[in-house]
Amino acid sequence: MSATDFIISIEDAARMTGYSPYMIRRFAHRGEFAATMPRGKRGGWEIVKPSFEAWWQSRRASAANRNN
């Protein structure tokens, strides 16, 4: 497994969740999952995939619980 298997882009995260790239950036900025901006603001975010998947799983679970 390479290091790139652990990193996803804002666009990939948006496709996975249905959120807009803008909202994914806001969640990343708030620290809701592990993400970095290794090349500064112009380089964009790199999201740590395991952290993002855990965040998304908990978010989906909490939404499902509200409907009961």
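This is a predicted model: local features need pLDDT of at least 70, side-chain atom pairs count only at pLDDT 80 or more; totals for chains, interfaces and linings use all residues.
Is Trp 55 buried or exposed? Trp 55 is buried, at a relative accessible area of 8%.

View 1. As a reminder, strands of a sheet pair through backbone hydrogen bonds, either parallel or antiparallel.

**View 2. Strand 1 meets strand 3.** Zooming in on this pairing, you'll find two bridges between strand 1 and strand 3 (residues 46-48), in the antiparallel sense. Look for Ile 7, which stands opposite Val 48 in strand 3.

**View 3. Arg 39 and its polar contact with Glu 46.** Arg 39 belongs to the loop between strand 2 and strand 3. Its side chain and that of Glu 46 are joined by a polar contact of 3.2 Å. Arg 39 counts as exposed because its relative accessibility is 54%, and the cut-off for exposed is over 50%.

**View 4. Phe 27 against Trp 55, a tilted pair.** Now for the rings: the count of aromatic pairs comes to eight. One of them is Phe 27 with Trp 55, at 5.0 Å centre to centre and with 50° between the planes. Phe 27 is in helix 2 (residues 21-30) and Trp 55 is in helix 3 (residues 49-66), so this pair ties together parts that lie 28 residues apart in sequence. Phe 27 has a relative accessibility of 1%, so it counts as buried. Trp 55 is buried too, with 8% relative accessible area.

**View 5. Phe 33 and Phe 52, edge-to-face.** This aromatic pair is 5.0 Å centre to centre, with 85° between the planes. Phe 33 comes from the loop between helix 2 and strand 2, while Phe 52 comes from helix 3, so the pair ties together parts 19 residues apart in sequence. Both Phe 33 and Phe 52 are buried.

**View 6. The ring cluster.** Which residues do ring pairs link into a cluster? They are Tyr 19, Phe 27, Phe 33, Phe 52, Trp 55 and Trp 56.

How values were computed: Residues are numbered from 1 along each chain as its sequence is written. Side-chain values use heavy atoms; hydrogens and water are left out. Two strands pair if DSSP finds at least two bridges between them. Helices (H or I, at least four residues) and strands (E, at least two) are DSSP runs, numbered from the N terminus. Buried means under 20% relative accessible area, exposed over 50%, partly exposed in between (1.4 Å probe, protein chains only). A polar contact is a pair of N or O atoms within 3.5 Å; within protein, one must be able to donate a hydrogen and the other to accept it, and residues adjacent in sequence count only if both atoms are side-chain atoms. Rings of Phe, Tyr and Trp (its six-membered ring) pair if their centres lie within 6.5 Å; planes under 30 degrees apart count as stacked, over 60 as edge-to-face and the rest as tilted.
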